[in-house]
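Subject: Structure handover and notes

Hello,

Please find the structure below, with my notes after it. Could you read them against the coordinates when you have time?

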Amino acid sequence: MERWKRGVASDGVQQAVAYAFEGTCDAPRAQQSGGIEHAVGYGGAGGGTIARFTVTGAGIDEFPLDAGSFARWVDGADPVTGVPRGRVLTSPDADLFLDATMNMPKSYSLAVLLTPELRDGFEALQDRIRDRTLTMWQRELNARRGAGGLIRESIARLEVVELRHERSRALDPHIHRHLWLGVKVLGEDGKWSNVDSRVAMKLHTVVNAEGDLASRTDPTWVAALATHGYTLDADGEIAQLAHLVRPLSRRSNQIEANRALRLARWRQAHPGQHPDHAVLASIDRWAWAQHRPGKPEHLDEVAWQDLVRSEIAELDARADLPRPAAKVATTPLGGLDRDLLAGTAIADADRRSAGSGGRFSRYDVRAGTLRALAGSGIVTDRTLLDEIVEDITHRALTAHVVDFLDGETAVPGHVKQFMSLQTAQDKLDLATRLDRLNEPGHDLPFGEIVRLAEVVLDADTNLDPGQVGAAGAVAGTNRVVTVTGPAGTGKTTLLKVARRALHDQGRGMVVVAPTRKAATVAGREIGTAASSLHALLVDHGYRFAEDATGRTVWTRLVNGDADEVTGVVYSGPRRYPIRPGDRIVVDEGGMVDLQLANAVAQLALDTGAGIAMVGDHLQALPVGHSGAMATAQRRSGSVVELTAVHRFKDSDYAALTLRLRDPADHDAAVAVTRELCDRGQLKAVGSEYEARERMVAAWLHHAARGERVALVTATNAEAQQINDRIQQERLDRHQLTPNRFALGQHGQYLLVGDIVQTRRNDTDTGVDNRATWTITRIRRDRIDLASITDSGDRRTITRTYAAEHVHLAYASTVHGIQGETVHASYIGPGIDASGLYVGMTRGRVANTAMTIARNREDVIEQLADTMKRGKPEVTLDDSRHAARSELGRAARDPHRPPIVEQLAAADERQRALRDALRQIDVRDAALNAAGHGRQHSSAAEDAVREIAVRRRALRGALDAERDRMDALLRDYQADRDPTRTEDMALGAEWDPVVPPGGSGPTLGL
């Protein structure tokens, strides 16, 4: 679900109307021809309308909208009369509507194309999913009322517009629909206002899960597929067509690149103009036909379908042949293992909660339940599943979670109040293990480190005081050490000295990192044994796998145990032996998740080694649950914070990055962004398209000068678009030749000279996950690679490996660029706080961030907001406080106002009464002072009597408010479970609950 904003001068309204009435999904909205007048004219010329659905408790009604009435609807007015619905929000950031896309598996679109008889059944399936979604929105969403929007108002009526599309933007077969939920809703109190968009965004996980469930279990649709010989596989794709999805989708990369190139050339030839619909259609036809000999010149519906069928036939000549009816094997409802499905639902919610400190909501659990049912093999009418969904969700929330709001009533479904028992246990276990490990010791003396640095380092390399202290801590005898610091503080340099100091003491050092790439680089630069964390743990007997619920479970072999997968008898560590007193240095410690940290802490306990966590928790977070490094920092015998930045040539910028890393408040963030603006390092762009083009141009500019550049994007999809554009531009400039190519991940074309990234460790070829290479040669069955940082470092991979684990890498997300140092770095829009900081600290010479904004001040505010970081949730207490804070911001049931709000109001009234009493006392004192030693006048006596009466009245009112406050507090306590207090619920002692069906991982305990 995406928010569609009003934009400057209601540009969002204009683009929405144009987008809706073009009737296709073949261009980003930022490139649409603008203007309501143009859209109305286009729509009117074709006599087109779109469907508007009004949803109430009584049901769903459908009405047509032409372009003019649709424009009024988007603008927040009655589509017929044009009367505004409630208060009109004119800010460019105001929401117009929320765009939810109904995406079905792409093989469904192929099936409809190859078997037109399925068309009606597929449309009916989408109708059923749409109606269920609309009904859910009306029932579950709310408007907000009252001061601060704390009162939840149920929705009596909402309205949705539906758009139907046959293709993706790149003209691939992809039947889908857009449901545009208007932000103006009618509350049960009869007033129009805005929908609570935060709730809508969080409910969307349930909406998506309902669609997944319906597409895989709807009996009418499954029977229709079976009639034509189709069945669904474990991923929900049509098994007989799934192999065609990737080869057909790879065409979209080339089409999008062609389209962007042609559009850029048109804009160069027509400066200041906007392409109209005819121009865009012409560009699309050219992009479709380019590099495809014999394709039709003009693109119409029949020709397009014939074209796709012919390409399917080239890929699989039997795909279009009739099939006998298929038999569908289904799971009976009575055969469902509801406890297993409950565990699966929690594992699903837990995996998706990494970005929220491990907390998830009732919505998240319900979505996990729906997804678990979707993969269970059942086929039945959705109405028969309501009881099963409720039961599984109840089991999940009863047996598998910690409730941080235990005792609260009527908690909104979107509030993230739960945590899986396993994640809560991981947090507590890590704290316990580190406490056991943290035996007191001492750091190596300052002078000893300085002496060793003179021996180990080059003559022109010196350690600053922070590095000296950190090296002394790592080489010291404290069992747990933490070294934190921003990018560019020379952590690798200090570890060289620490290694020598440990060696002189007869102690060893092994460097581990979350990825083998990072470990390899660190080990080579430091000159010591290095390993990925996983490889180290596997060498010491640890094994990990997914259990029946999909949760990762760690176990440990002891000498003589046979590996369940390989059958090999384990006989102890061979590659990375560890002795008592050795130091395990965990590099990039901020990217280590809780499970890995628990395992390495237990390893240190078992071997007598110490741990040094080295990294920065404010850079890229782990893929799993975070908090490991912060936990170690709180339980370390020695903690060193590095502050001197050595990476950048500009010392002023080095100091600025420290403020960028973690600004104290919003004002501090604004000051940082203003300074970055003054330095020319923040750029306003008009659209994501413009940002991509600038990043493409930047890469080509620096590459022509032999300079390495980092392009950092918010998502993998954005990185892929930039990768494809750069490849196409290099082709057009004859820097690459297409005479020989290989296929990479997701069907990408890989050419000699392309920059690529390997995405899986391969011991046979020696390539690491996230290592970056240049393709030097493509042979019949092999591909030769050269490292981009060392041309002498060469590898050879198979085409099979490339097809599964290699992709273009001109641009990447923050996880792909973490740890890199380049000449210049460019950061695209939509990045988060850690992504902004990591991206802006990769370039030694230049670092530039782009954001979609109107002007300088808009850029400053947006980037300042981006720097905001949520409070890390290291302990269960942190999570409990975060859940209560979220609850305090949520709108609550209007029929039972939140007691906390009433308490706040009562407290405010008491404050006002006490202020009034103080003013009375001041006035009384003034009168006494003025009359001291003088004969009292009647006026003065009247004033004194008036003050006395007023004081008694105020004191009575204040006593009444105190009584009311006491009553509210009693109600508050009565609402909570009297048998369980907060301290009992989440105290220092923890009684682990074993999930049904297993004892859980032991980690060698």
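The notes below go from the whole chain to single elements.

This is a predicted model, in which local features need pLDDT of at least 70 and side-chain atom pairs count only at pLDDT 80 or more, while totals for chains, interfaces and linings use all residues. Residues are numbered from 1 along each chain as its sequence is written, and side-chain values use heavy atoms, with hydrogens and water left out.

Overall

The protein chain has 33 helices and 32 strands; helices (H or I, at least four residues) and strands (E, at least two) are DSSP runs, numbered from the N terminus. Of its 1005 residues, 53% are buried (under 20% relative accessible area, with exposed over 50% and partly exposed in between; 1.4 Å probe, protein chains only). The chain exposes about 44400 Å², and carbon and sulfur atoms supply 50% of that area (Shrake-Rupley method, 1.4 Å probe; for residues, only the protein chains shown count as cover). Taking contacts (heavy atoms within 4.5 Å) between residues at least 6 apart in sequence, 71% join residues at least 24 apart.

Confidence

The mean pLDDT (the predictor's confidence in each residue, from 0 to 100) of the protein chain is 82, and 85% of its residues reach 70 or more. Two stretches deserve a note. Over residues 25-47 pLDDT stays under 50, and the model has 55 contacts beyond four places in sequence for them. Residues 976-1005 also stay under 50, with 46 such contacts.

Aromatic pairs

A search of the whole structure finds twelve aromatic pairs. Rings of Phe, Tyr and Trp (its six-membered ring) pair if their centres lie within 6.5 Å; planes under 30 degrees apart count as stacked, over 60 as edge-to-face and the rest as tilted. Trp4 and Phe97 form a tilted pair, 5.0 Å centre to centre with 35 degrees between the planes. Trp4 lies in strand β1 (residues 2-5) and Phe97 in strand β4 (residues 95-103), so this pair ties together parts that are 93 residues apart in sequence. Both Trp4 and Phe97 are buried.

Strand β14

All five residues of β14 (residues 509-513) are buried. Met509, Val511 and Ala513 point one way from the strand, and Val510 and Val512 the other way. β14 pairs (at least two DSSP bridges between the strands) in the parallel sense with β18 (residues 583-586) over four bridges. Met509 stands opposite Arg583 in β18. Four bridges also join β14 to β15 (residues 529-532), again parallel, and there Val510 has Ala529 as its bridge partner.

Helix α25 (residues 716-732) has 17 residues and reaches 24 Å from its first C-alpha to its last, close to the expected 24 Å (1.5 Å times one less than its number of residues). Of those 17 residues, 13 are buried, so α25 is largely enclosed by the rest of the structure. His734, which follows α25, has a positive phi near 65 degrees.

In α29 (residues 856-866), the buried residues are Asp858, Val859, Ile860, Leu863, Ala864 and Thr866. They pack against α23 (666-678), β21 (682-685), α28 (833-839) and β32 (843-852).

Regards
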